[in-house]
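Take a look at the fold below. Let us walk through how its parts pack together.

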Amino acid sequence: MTDAEKRVWAVTQLRKKAVQIGYAPQKADFDPVTLSRIKAVLGPWPRALETAGLKEKKIVNKKKHPRKTRQTGQKGDGHER
């Protein structure tokens with residue numbers, strides 16, 4: 001089975017289970033072997049659900065805000081001196 005075929009299989013398993021139970025499946029909804037195979041192909045559970053279109057992709061803001069330092073309580077660069 002090619003990598004593309006494995007991805008199709010894993011996505012199909014997730015979508016079929018979602019239709020069957022009426023919501024995005026949880027890991028506990030699968031037997032250990034199927035769960036292991038899905039995760040091996042699609043990665044961590046949240047990424048697997050995103051790939052199958054069962055969960056919105058989380059947008060992460062990588063921009064860091066200045067933090068207050070513990071000692072002075074003033075905004076700084078996050079490094080205590």
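What follows goes from the core to a pair of helices, and then to one tryptophan.

This is a predicted model. Start with the core. The largest nonpolar core holds eleven residues. They are Ala-10, Val-11, Leu-14, Phe-30, Leu-35, Ile-38, Leu-42, Trp-45, Ala-48, Leu-49 and Ala-52. Now pick out Ala-52. Beyond its neighbours within four places in sequence, Ala-52 is in contact with Val-11, Leu-14 and Arg-15.

Next, look at two of the helices. Two packed helices are described by the angle and the distance between their axes. Here the axes of α1 and α2 come within 9 Å. They cross at roughly 125°. Therefore α1 counts as oblique to α2. The crossing of α1 and α2 is left-handed.

Which residues make the contact? From α1 come Lys-6, Arg-7, Trp-9, Ala-10, Val-11, Gln-13 and Leu-14. From α2 come Thr-34, Arg-37, Ile-38, Val-41 and Leu-42. Sorted by type, the residues of this contact are seven nonpolar, two polar and three charged.

Finish with Trp-45, which sits in helix α3. Is Trp-45 buried or exposed? Its relative accessibility is 9%. Buried means under 20%, so Trp-45 counts as buried. Leaving aside neighbours within four places in sequence, Trp-45 is in contact with Leu-14, Pro-25, Gln-26, Lys-27, Phe-30, Leu-35, Ile-38 and Lys-39. Take Leu-35 from that list. Leu-35 and Trp-45 are ten residues apart in sequence. In space, they are 9.3 Å apart, C-alpha to C-alpha.

Terms used
Residues are numbered from 1 along each chain as its sequence is written. This is a predicted model: local features need pLDDT of at least 70, side-chain atom pairs count only at pLDDT 80 or more; totals for chains, interfaces and linings use all residues. Side-chain values use heavy atoms; hydrogens and water are left out. A nonpolar core is a set of buried Ala, Val, Leu, Ile, Met, Phe, Trp, Tyr and Cys residues joined through side-chain atoms within 4.5 Å. Buried means under 20% relative accessible area, exposed over 50%, partly exposed in between (1.4 Å probe, protein chains only). Contact means heavy atoms within 4.5 Å. Axes are lines fitted to C-alpha atoms, for helices over the stretch in contact, and angles run from 0 to 180 degrees between N-to-C directions. Helices (H or I, at least four residues) and strands (E, at least two) are DSSP runs, numbered from the N terminus. Angles under 35 degrees count as roughly parallel, over 145 as roughly antiparallel, 65 to 115 as roughly perpendicular and the rest as oblique. A crossing is left-handed if the near helix is turned anticlockwise from the far one by less than a right angle, and right-handed if clockwise. Ala, Val, Leu, Ile, Met, Phe, Trp, Tyr, Cys and Pro count as nonpolar, Asp, Glu, Lys and Arg as charged, and the others, Gly among them, as polar.
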